Amino acid sequence: MASAAVAVERNLTFIQLKKNKLAIIGLLIISLLVIVAVFAPVLAPHHPYEQDLDRVMMAPCSEYPFGTDDFGRCILSRIIFGTRISLAIGLIVTAISAVAGIILGMLAGFYGGVIDEVIMRIVDIFLAFPGLILALVIAGLLGPGMFNVLFALALVGWMGYARVVRGAVLAEKEKSFVETAMSLGASDLYIMCRHLLPNVIAPVIVMATLGIGHTILAAAGLSFLGLGAQPPIPVWGSMLNDGKQYLQTAPYMTIFPGLAIMITVLSFNFLGDGLRDIFDPRLKEKSIE
Amino acid sequence: MLKYIARRLAMLVIVIIGVTLITFTMMHLAPGDPAELIATARYGMENLTEEDVERIRVAEGLDAPVFIQYLRWLGHTVRGDFGCSLVTGDPVQEEILLKIPATFQLALAALVVSLLIAIPAGIISAVKQYSPLDYLTMTGALLGVSMPNFWLGLLLILLFSVTLGWFPVFGYGSLRHMILPAVTLGTGMAAITTRLTRSSMLDVLRQDYIIAARSKGLAERNVIRTHALKNSFIPVVTIVGLQIGHLLEGTVIVESIFAWPGIGKLLVDSIFARDFSMIQGCVLLFAVLFVIVNLLVDISYVYLDPRIRYEKES
């Protein structure tokens, strides 16, 4: 019975999603990006590190559709391989932030009292400071490297999830099925995982979808400033940073990586907005059709 | 109200301690020895000896445990002494004070740009809901939210400086220098404000008093101007206020692109130079500004919306 109801509900979600054109476009682009990331070695016309110093900063042509950079590397191939890093950073950081936020928000909402007070004050402290600046300082001090950027972005990204989950748990906790479970002697952990988590997960999914886009944007900003993965690893943000110096002679070094960032972020925003309309119909009017 | 402000100011102290503690810890986890940095700055790379480094370590108190060092730093800071730059040797507060006006100018100009775009666009979009103009505006807003501002900045340079030659590529001084950075920083913010102005206006237009005003035969223009506008601005002020904080955040990248001599560029430069005392000073400044701006925004609601009373809250 229960599983049939869940199946129907899932089906409904999908039907509603199908109605939302922008969300579908977002989903399609994201699927395409995932395919590009997975099959990068097959799809890229050249190796992303392959230098050809005789063919430096060549304008787009049939062999190099997006042109070549200041080392004579194929820009298209570097963008294709860069998809892997961007998506990986977006997914990993968002997963860490969301899981940390869910755990802390759940603890705060479920136990209340001192635990709630302590966790929410920590949330307040983190929210009272511009996250990107904190991430910049942390990643900058820890030095260049992919892991440091992951750590810095996850550290400033978990608070929203904690707040939302805490609010939802506070509302769910009072309901009779939770009280019944408690009186039957179910453990706290069981109640949290089995009864509360499924009921608070919807807003988290919406936030996480939008969060992946924000994270990719923030990571690109940090790598534009010179933090994160170092050359010759192809990263969209640092490709823009290279292109900056040759804006006059080779604008394609700047235009294409930026386009890649924008399309990726846009597709996650499309999907996130669409999912929000489905999970929270009250907000539908407030967002863009 | 006073009690509320006092509580928020207490929060400010906690935030500053929290943020500086985090950055202080990171500095000590970070590679690079501050004693060696100071020694290099003072004696140059060539004449550096191990004894000099050790002497400075003891003299500057860098041999003490991290927590003691932090308390010492806090003690100095409370008395208005932010220490000296490890690179130039100049007092941190002097350097920061020198850079504040440029950042404020940029942030203010960006705020003006964003409001000039967002308020008219949002209102027109709501009044003419589902018209082609509305779709155009909303598509523009979605693009604006998703576009990296550093990319936009580079594209603007490419078009207006490199190709058309209208504005200088970078630098600081005249109004002409300010336009591209302000537009770069302002448009991202405009995108969010436009969406919010539109939805807030749509909410108001559905209210009973708007229907009443219309049904008594008031011209639509007057309905919008005298009844709808003012009421739709409360959430807009909220989001604009919150965004001023993010405007400060945005200055970091925009100042770096346009070589704008403000706090944001100073922070990025200090990070790459590993100038620990300067980093700490900039972080402190950003924290104070951010919290104070948010507090001012909260206080301003009370005047805009008499329904809000802070004493009743928590």
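Which hand does the crossing of H12(A) and H6(B) have? The crossing of these two helices is right-handed (a crossing is left-handed if the near helix is turned anticlockwise from the far one by less than a right angle, and right-handed if clockwise). Here is a friendly tour of that contact and some others. This is a predicted model, in which local features need pLDDT of at least 70 and side-chain atom pairs count only at pLDDT 80 or more, while totals for chains, interfaces and linings use all residues. Residues are numbered from 1 along each chain as its sequence is written, and chains are lettered from A and ligands numbered from 1 in the order in which they are written.

**Where chain A touches chain B**

- In total, 36 residues of chain A are in contact with 40 residues of chain B (contact: C-beta atoms, placed from the backbone, lie within 7 Å).
- On the chain A side, at least two residues each come from helices H5 (113-127), H6 (131-142), H10 (188-224), H11 (236-244) and H12 (252-279) (helices are DSSP runs of H or I with at least four residues, numbered from the N terminus).
- H6(A) gives the most to this side of chain A, with 9 residues.
- By class, this side of chain A has 24 nonpolar, 8 polar and 4 charged residues (Ala, Val, Leu, Ile, Met, Phe, Trp, Tyr, Cys and Pro count as nonpolar, Asp, Glu, Lys and Arg as charged, and the others, Gly among them, as polar).

**H12(A) against chain B**

- H12(A) packs on H6(B), residues 132-146, at an angle of about 115 degrees with the axes 8 Å apart (axes are lines fitted to C-alpha atoms, for helices over the stretch in contact, and angles run from 0 to 180 degrees between N-to-C directions).
- In this pair, Met262(A), Val265(A), Leu266(A) and Asn269(A) meet Leu142(B), Val145(B) and Ser146(B), giving 5 nonpolar, 2 polar and no charged residues.
- With H7(B), residues 149-163, the axis of H12(A) comes within 10 Å and crosses at roughly 145 degrees; this crossing is left-handed.
- Thr254(A), Gly258(A), Ile261(A) and Met262(A) of H12(A) meet Trp151(B), Leu154(B) and Leu158(B) of H7(B), a contact of 5 nonpolar, 2 polar and no charged residues.

**H12(A) within its own chain**

- H4(A), residues 75-111, packs with H12(A) at about 30 degrees, with their axes 11 Å apart.
- H4(A) is therefore roughly parallel to H12(A) (angles under 35 degrees count as roughly parallel, over 145 as roughly antiparallel, 65 to 115 as roughly perpendicular and the rest as oblique).
- The H4(A)-H12(A) crossing is right-handed.
- Ile75(A), Ile79(A), Gly82(A) and Ser86(A) in H4(A) meet residues of H12(A) including Tyr252(A), Phe256(A) and Thr264(A).
- The contact of H4(A) with H12(A) has 7 nonpolar, 3 polar and no charged residues.

- Ala259(B) follows H10(B) and has a positive phi, near 50 degrees.

**Backbone points in chain A**

- Most residues other than glycine have a negative phi, and most peptide bonds are trans.
- The bond from Pro231(A) to Pro232(A) is cis, with omega near 5 degrees, and Pro232(A) is found in the loop between H10 and H11 of chain A.
- Met57(A) has a positive phi near 50 degrees and is found in the loop between H3 (40-43) and H4 of chain A.

Methods. Contact = placed C-beta atoms within 7 Å.
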